[in-house]
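The structure goes in here before the entries.

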Amino acid sequence: MLKSIMSVLVLAAMPLVFMTVTTQAEESDSAKHSTKEIMKVGFKGGLLKKVASGNASDDEKQKLHAMLVALGKNKVEKGDAESWKKLTSALVKASSDVLEGKDGAGEAIQKASNCKACHNIHK
């Protein structure tokens, strides 16, 4: 009887364990690159400009893409969360296109990285 009760308790606790692990993984993705770091390295540091011009290595393209994915997962400090999602999704989509080598991807990522459009609302 005791074994049956313990088995039920263990099975009931399993979803909580998996939810905790998933949440921690998602938090670690966004914690991997802070918004401040992404702005400093990716935008002001010239990485985005290098990628947009087509002069970046594959590693640099991957690094920028990872930063932009993390940016979308970071908590928005100011402004509407839906706007943040829309703007960061456009950046992620454009960086994915760069990774795939699609025509016009450089121009698309340059257009999606309009600093003023994001800063007016979220900074």
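The entries below take the helix pair and then the salt bridges.

**Basis.** I am working from a predicted model, in which local features need pLDDT of at least 70 and side-chain atom pairs count only at pLDDT 80 or more, while totals for chains, interfaces and linings use all residues. Residues are numbered from 1 along each chain as its sequence is written, and side-chain values use heavy atoms, with hydrogens and water left out.

**Helix pair.** I looked up helix α2 (residues 35-44) and helix α4 (residues 58-73), whose axes come within 10 Å and cross at roughly 150°; helices here are DSSP runs of H or I with at least four residues, numbered from the N terminus, and the axes are lines fitted to C-alpha atoms over the stretch in contact, with angles from 0 to 180 degrees between N-to-C directions. That angle makes α2 roughly antiparallel to α4, a label used for angles over 145 degrees. I then noted which residues make the contact (heavy atoms within 4.5 Å): α2 contributes T35, E37, I38, M39, V41, G42 and F43, and α4 contributes K63, L64, M67, L68, A70 and L71. Sorted by class, the contact of α2 with α4 has nine nonpolar, two polar and two charged residues, where Ala, Val, Leu, Ile, Met, Phe, Trp, Tyr, Cys and Pro count as nonpolar, Asp, Glu, Lys and Arg as charged, and the others, Gly among them, as polar.

**Salt bridges.** Taking a salt bridge as a side-chain nitrogen of Lys or Arg within 4 Å of a carboxyl oxygen of Asp or Glu, I find a count of five. One of them joins E60 to K50, with the closest N and O atoms 2.9 Å apart. Because E60 lies in helix α4 and K50 in helix α3 (residues 47-53), this pair ties together parts that are 10 residues apart in sequence. I recorded E60 as partly exposed at 22% relative accessibility and K50 as partly exposed at 33%, on the scale of buried under 20% relative accessible area, exposed over 50% and partly exposed in between (1.4 Å probe, protein chains only).

I also noted a salt bridge between D58 and K61, at 4.0 Å from N to O. These two residues are three apart in helix α4, and so are separated by about one helical turn; D58 is exposed, at 58% relative accessibility.

**Network.** Which residues do salt bridges with shared partners join into one network? I listed K93, D97, E100 and K102. Within this group, E100 and K102 meet at 3.4 Å, N to O, with E100 exposed at 54% and K102 partly exposed at 43%.

Key. Angles under 35 degrees count as roughly parallel, over 145 as roughly antiparallel, 65 to 115 as roughly perpendicular and the rest as oblique.
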